[in-house]
Amino acid sequence: MVTRRTLLAAALAGTVPASAGPLVPPEARGLWESGVTFAYGTRSLALGHHAPAALLRDLAARADAAGRTVTAVLRRAVRPVVVVPATTAEAAALAGTGSVEGLAALASEGRVIVVPGAFARLTPVGRDVVLAHELTHVAAGTYGRPVWLREGFADYVGYLGSGLDVHVAAAELAAEVRSGRAATRLPADGDFAPGSPRLAQVYQESWLACRLIATRYGERALAALYDRAAGRDLAQALRPLGLSVTALTGLWREYVRDELTARGHG
Ligand SMILES: [Zn+2]
């Protein structure tokens, strides 16, 4: 008899037996014909296509931690599902996108899809940041917000508890600020185009905009702003904070300068 226990043992051993078909986690249905491996965390599920058991266990543990962080910020329960395709090409096909170049993971249809090669090259802290970032997209949705808000919010959650110094997490932007280039306007959606020369900096600018809002008005206010901004004009969404877009931009310019020059990190 195939029980969940033998299934887990099989998953740990590498693959789920064909006879286990109906007992494969329902989240795996339709993903792959065979070679499904999986590991449960306390609240998460990691599903792989021929993925090693140790990798899946590690991912499930990291997804548990990311899930706790996202749940705390959004104040609603999040159950992460992380999918590990066998190849980069398979990751792109699963995500329904032509290319996943430059990405270590992405959010798609309620799941986080890991891009195996790129993810493996991240540091352990980097893996946690990326998982929490993508899980935020999955759990909070991305629809109808300015790109800076959805990416900044995901990075805000991603970097929570990472212990990374702002000068490290925003190294490229810090270098610009030190060389005298001042932030002018919040990033426009077009600034996030793949291959844009300031891609790292616009993500960092977005992160700092959200970090500023959380620092000044509280994390709850940031999460509420994020919810309000879905499909709504940003000016309208900011109004309960007593802020206009111009006022936010002014505060943010000061904040970026202060955060990235205040301490002498050379
Ligand atoms: Zn993102």
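Which residues does D64 touch, not counting residues up to four places away in sequence? In this predicted model, D64 touches G41, T42, R43 and S44, where contact means heavy atoms within 4.5 Å. Residues are numbered from 1 along each chain as its sequence is written, and side-chain values use heavy atoms, with hydrogens and water left out. Because the model is predicted, local features need pLDDT of at least 70 and side-chain atom pairs count only at pLDDT 80 or more, while totals for chains, interfaces and linings use all residues.

The protein comprises twelve helices and five strands; these are DSSP runs numbered from the N terminus, helices being H or I of at least four residues and strands E of at least two. Buried residues account for 49% of its 266 residues, buried meaning under 20% relative accessible area, with a 1.4 Å probe and protein chains only. Of the contacts between residues at least 6 apart in sequence, 59% join residues at least 24 apart.

D64 sits in helix α2, which covers residues 53–74. D64 is buried yet lacks a salt bridge, that is, a side-chain nitrogen of Lys or Arg within 4 Å of a carboxyl oxygen of Asp or Glu. The nearest side chain of opposite charge belongs to R43, 5.1 Å away; here Lys and Arg count as positive and Asp and Glu as negative, with His and the chain ends not counted. The D64 side chain does make a polar contact with the side chain of S44, at 3.0 Å. A polar contact is a pair of N or O atoms within 3.5 Å; within protein, one must be able to donate a hydrogen and the other to accept it, and residues adjacent in sequence count only if both atoms are side-chain atoms.

Next comes the sheet. Five strands form an open, mixed sheet in the order β1-β2-β3-β5-β4, two strands being paired if DSSP finds at least two bridges between them. Its edge strands, β1 (36–40) and β4 (105–108), each pair on one side only. Strands β3 (residues 81–84) and β5 (residues 111–114) run parallel and are joined by two bridges, with V82 opposite V112. By contrast, β4 and β5 run antiparallel and share four bridges; A105 has V114 as its bridge partner in β5. These two strands form a hairpin with two residues between them, and E109 in the turn has a positive phi of about 50 degrees.

Terms used. Buried < 20%, exposed > 50% of the residue type's maximum accessible area, 1.4 Å probe, protein only.
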